[in-house]
Amino acid sequence: MPLNGTKVRLREVRESDLPLLLALRNDLDTQGWSQTLPTDYTIVTYKKQYEDDTFSTKRTRARFVIETLDTNEVVGNISYYSLEPRFEVTIGIAIAKNFWSAGLAFDAQETLLHFLFEELGLRVVRLWTTGSNVQAIRLGERSGFRVAARMREAIIRRGKLADNVIMDLLREEYYALHPELEDHLPALEVK
Ligand SMILES: CC(C)(COP(=O)(O)OP(=O)(O)OC[C@H]1O[C@@H](n2cnc3c(N)ncnc32)[C@H](O)[C@@H]1OP(=O)(O)O)[C@@H](O)C(=O)NCCC(=O)NCCS
């Protein structure tokens, strides 16, 4: 069952999506994460990763294709990983350049956050990005993320040093930004 937002749906990855996902991974503008260099992934390695994904009822990660609701176009992907049940998770997103600045990333991110807080009951969602990636930082901030840690000059991007930035969004912050939702889980004491 897809997760529906107002502009996009998040659905399972299909084999036919792999060429686009590979192209996003092999483009320096869209991979967004320096640990995926060099940009020489092949359809064979990508397909193998897809086929090796075995069924499990204990999921600590998931990847969704982002598809527009009105035209059914695949525009990117969004994922979560390193999930600690009921506690934390990290998310990542990439949108194809011809669809940037149309609000699709924000809608996809909000749709995933709704699932992570409402259905998985997580307490904190994190993301990693680069200090020079203004779109990614703005996208995070728009959903309520704040910069939680900054590793200075930890990344080289296009020949320049950049900070590695961790942003996070706490459960109570998410619900404060969404008065239409009620948090039915007990608040934890912060020491
Ligand atoms: C980061 C990314 C997903 C944003 O996608 P997008 O389609 O531009 O995002 P949206 O249209 O939903 O816009 C989200 C916010 O970013 C802002 N934004 C978009 N492009 C921007 C730019 N070039 N400069 C500054 N802000 C920008 C938007 O204005 C919006 O904020 P606002 O509503 O306050 O104005 C996209 O640029 C991308 O795929 N980048 C490569 C991968 C990546 O960096 N992923 C994130 C790190 S893991």
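Below are my entries, starting with the ground rules.

**Ground rules.** I'm working on a predicted model, where local features need pLDDT of at least 70, side-chain atom pairs count only at pLDDT 80 or more, and totals for chains, interfaces and linings use all residues. Residues are numbered from 1 along each chain as its sequence is written. My helices (H or I, at least four residues) and strands (E, at least two) are DSSP runs, numbered from the N terminus.

**Sheet.** I traced the strands and got an open sheet of eight, in the order β1-β2-β3-β4-β5-β6-β8-β7, with mixed pairing. β1 (3-4) and β7 sit at the edges with a single partner strand each, so one side of each has no neighbour in the sheet. I count two strands as paired if DSSP finds at least two bridges between them. β1 and β2 are antiparallel and share two bridges, with L3 opposite L10 in β2.

**The β7 end.** β7 (residues 146-157) runs antiparallel to β8 (residues 160-170), and eight bridges join the two. I found M151 standing opposite N164 in β8. The hairpin has two residues between the strands, and R158 takes a positive phi near 50° there. Next I checked burial: I call a residue buried if 20 or more other C-beta atoms lie within 10 Å of its own, exposed if 12 or fewer, and partly exposed in between, with C-beta atoms placed from the backbone. β7 is hardly covered, with one buried residue among its twelve.

**D163.** This residue lies in β8. Buried or exposed, or partly exposed? I have D163 as partly exposed because it has 17 C-beta neighbours inside 10 Å. I score a contact when two C-beta atoms, placed from the backbone, lie within 7 Å. Not counting residues up to four places away in sequence, D163 touches T130, G131, R150, M151, R152, E153 and A154. T130 is 33 residues from D163 along the chain, yet their C-alpha atoms are separated by 5.7 Å.

**T90.** I found T90 in β5, and it is partly exposed because 17 other C-beta atoms lie within 10 Å. Leaving aside neighbours within four places in sequence, T90 contacts Y80, Y81, S82, R126, L127 and W128.

**Helix α4.** I checked the length: at 1.5 Å a residue, its 16 residues should span 22 Å, and the end C-alpha atoms are 22 Å apart, so the two agree. The expected span is 1.5 Å times one less than the number of residues. Buried residues in α4 include L104, A108, L112 and L116. Just after α4, G121 takes a positive phi of about 65°.

**Core.** I define a nonpolar core as buried Ala, Val, Leu, Ile, Met, Phe, Trp, Tyr and Cys residues joined through C-beta atoms within 7 Å. The largest has 32 residues, and I66, I78, I91, A108, L112 and L116 have the most contacts inside it. α4 gives the largest share of this core, seven residues.

**Ligand shell.** Which residues come nearest to the ligand? Of the 23 around it, they are G32, A105, F106, Q135 and A136; I call a residue near if its C-beta atom, placed from the backbone, lies within 6 Å. α5 supplies the largest share of the shell, six residues.
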